[in-house]
Amino acid sequence: MSDILQQLAATLAERKLAAPDSSYVASLHHKGLNKILEKVGEECVETILAAKDAQQSGNAEDVIYETADLWFHTLVMLSELNLHPDAVLAELARRMGLSGHAEKASRPSTN
């Protein structure tokens, strides 16, 4: 599974440097972080709506499609910030075996 993330990360890094008119990813990077975050937010809302629809209809096709869009645009965001998906995978691995409540309580306070 992480092979797909590795391939996507490599492709995103490559396209980040491309001309904006040559690829969708390059155009997003050219427009900057705010535009990328706008797309992440849009895809998040679409994923939520698809999940609600899937619960009622029993058809998960749209929720899978929208989740893929959300993950993709999140990967573009990480690329824009010069972060690799491996950092997220490492954080998920760190949390394995921890209670969600314990993990949240261990975070530094933001107050």
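In which hand does α3 pass α4? The legends below take up that question and a few others, using a predicted model.

**View 1. The whole protein is built from helices.** There are six helices and zero strands here, and following the sequence gives the pattern α-α-α-α-α-α. The C-alpha trace spans about 45 × 40 × 35 Å along its principal axes. Of the 111 residues, 24% count as buried. If you look at contacts between residues at least 6 apart in sequence, 56% of them join residues at least 24 apart.

View 2. Just after the helix comes Gly58, whose phi is positive, at about 80°.

**View 3. Some residues of α3 are tucked away from the surface.** Which residues of α3 are buried? They are Ile36, Lys39, Val40, Glu43, Thr47, Ala50 and Ala54.

**View 4. Helices α3 and α4 pack against each other.** Here is the reply to the opening question: α3 passes α4 in a left-handed crossing. Their axes lie 8 Å apart, and the packing angle is about 160°. Angles over 145 degrees count as roughly antiparallel, and α3 and α4 are therefore roughly antiparallel to each other. On the α3 side, the residues that meet α4 are Leu33, Ile36, Leu37, Lys39, Val40, Glu43, Cys44, Glu46, Thr47, Ala50, Ala51 and Ala54. Their partners in α4 are Asp62, Val63, Glu66, Thr67, Asp69, Leu70, His73, Thr74, Val76, Met77 and Glu80. Sorted by class, this contact of α3 with α4 has 12 nonpolar, four polar and seven charged residues.

View 5. Are α1 and α2 parallel or oblique to each other? Helix α1 (residues 2-16) packs with α2 at an angle of about 60°, with 8 Å between the axes. The two helices are therefore oblique to each other, and their crossing is right-handed. From α1, the contact uses Leu12, Arg15 and Lys16, while α2 brings Val25, Ala26 and His29. By class, the residues of this contact of α1 with α2 divide into three nonpolar, one polar and two charged.

View 6. Ala10 belongs to helix α1. Is Ala10 buried or partly exposed? With a relative accessible area of 45%, Ala10 is partly exposed. Along the chain, Ala10 and Leu81 are 71 residues apart, and their C-alpha atoms are separated by 14 Å.

**View 7. Asn82 sits in a loop.** Where is Asn82 placed? You will find Asn82 in the loop between α4 and α5 (85-95). The phi of Asn82 is near 60°, a positive value in a residue other than glycine. Asn82 is also exposed, with a relative accessible area of 63%.

Terms used
Residues are numbered from 1 along each chain as its sequence is written. This is a predicted model: local features need pLDDT of at least 70, side-chain atom pairs count only at pLDDT 80 or more; totals for chains, interfaces and linings use all residues. Side-chain values use heavy atoms; hydrogens and water are left out. Buried means under 20% relative accessible area, exposed over 50%, partly exposed in between (1.4 Å probe, protein chains only). Helices (H or I, at least four residues) and strands (E, at least two) are DSSP runs, numbered from the N terminus. Axes are lines fitted to C-alpha atoms, for helices over the stretch in contact, and angles run from 0 to 180 degrees between N-to-C directions. Angles under 35 degrees count as roughly parallel, over 145 as roughly antiparallel, 65 to 115 as roughly perpendicular and the rest as oblique. A crossing is left-handed if the near helix is turned anticlockwise from the far one by less than a right angle, and right-handed if clockwise. Contact means heavy atoms within 4.5 Å. Ala, Val, Leu, Ile, Met, Phe, Trp, Tyr, Cys and Pro count as nonpolar, Asp, Glu, Lys and Arg as charged, and the others, Gly among them, as polar.
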